[in-house]
Amino acid sequence: MTTATAYSRESARTLSLSRCAVTVGLTVAIVFALCWVGAAAGILPRSHMFISLFTDQPVGSTAALGFGLLSALGFGLGSGALGSLIYNAFAFLQRP
């Protein structure tokens, strides 16, 4: 029978700030790129609404893709980091 070490118990209660930031950042950037492709190809006509969250460039332009990807990545990095900080701040609510 194995027992949990202090490290594994502690890591189970907290989230890695960098891991959450990179995960959410890449996810938002990939979703942005997929929406841009769909809007540029005309198969996702309403995806321009998501694109307009991150850029004011014309939807199908490469400027929208470039600036939007960077903006989406930055937003995702910040959101992931903030989410992990808030989650870790409430770690005291977990039962021992």
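**Exercise 1. Check the length of helix 4 against its end-to-end distance.**

Solution. Helix 4 has 28 residues, and at 1.5 Å a residue they should span 40 Å. The expected span is 1.5 Å times one less than the number of residues. The end C-alpha atoms lie 40 Å apart, which agrees. Helices here are DSSP runs (H or I, at least four residues), numbered from the N terminus.

This is a predicted model: local features need pLDDT of at least 70, side-chain atom pairs count only at pLDDT 80 or more, and totals for chains, interfaces and linings use all residues. Residues are numbered from 1 along each chain as its sequence is written, and side-chain values use heavy atoms, with hydrogens and water left out.

**Exercise 2. List the buried residues of helix 4 and find their packing partner.**

Solution. Start with burial: buried means under 20% relative accessible area, exposed over 50%, partly exposed in between (1.4 Å probe, protein chains only). In helix 4, the buried residues are Ala64, Gly68, Ala72, Gly76, Gly80, Ala81 and Ser84. An α-helix has 3.6 residues a turn, so residues three or four places apart point the same way. Next, the partner: the buried residues of helix 4 pack against helix 2.

Now take Gly25, which sits in helix 2. Gly25 counts as buried because its relative accessibility is 0%. Beyond its neighbours within four places in sequence, Gly25 is in contact (heavy atoms within 4.5 Å) with Ala72, Leu73, Gly76 and Leu77. The C-alpha atoms of Gly25 and Phe75 are separated by 6.8 Å, although the two residues are 50 apart along the chain.

**Exercise 3. Classify the aromatic pairs made by Phe54.**

Solution. Rings of Phe, Tyr and Trp (its six-membered ring) pair if their centres lie within 6.5 Å; planes under 30 degrees apart count as stacked, over 60 as edge-to-face and the rest as tilted. The whole structure holds four aromatic pairs. In one of them, Phe32 and Phe54 have ring centres 5.9 Å apart and planes at 85°, so the pair is edge-to-face. Phe32 lies in helix 2 and Phe54 in the loop between helix 3 and helix 4, so this pair ties together parts 22 residues apart in sequence. Phe50 and Phe54 are also edge-to-face, at 5.3 Å centre to centre and 70° between the planes.

Phe32 is buried at 0%, and Phe54 is buried at 10%. Phe50, at 25%, is partly exposed. Finally, Phe32, Phe50, Phe54 and Phe75 form one aromatic cluster.

Conventions. Helices (H or I, at least four residues) and strands (E, at least two) are DSSP runs, numbered from the N terminus.
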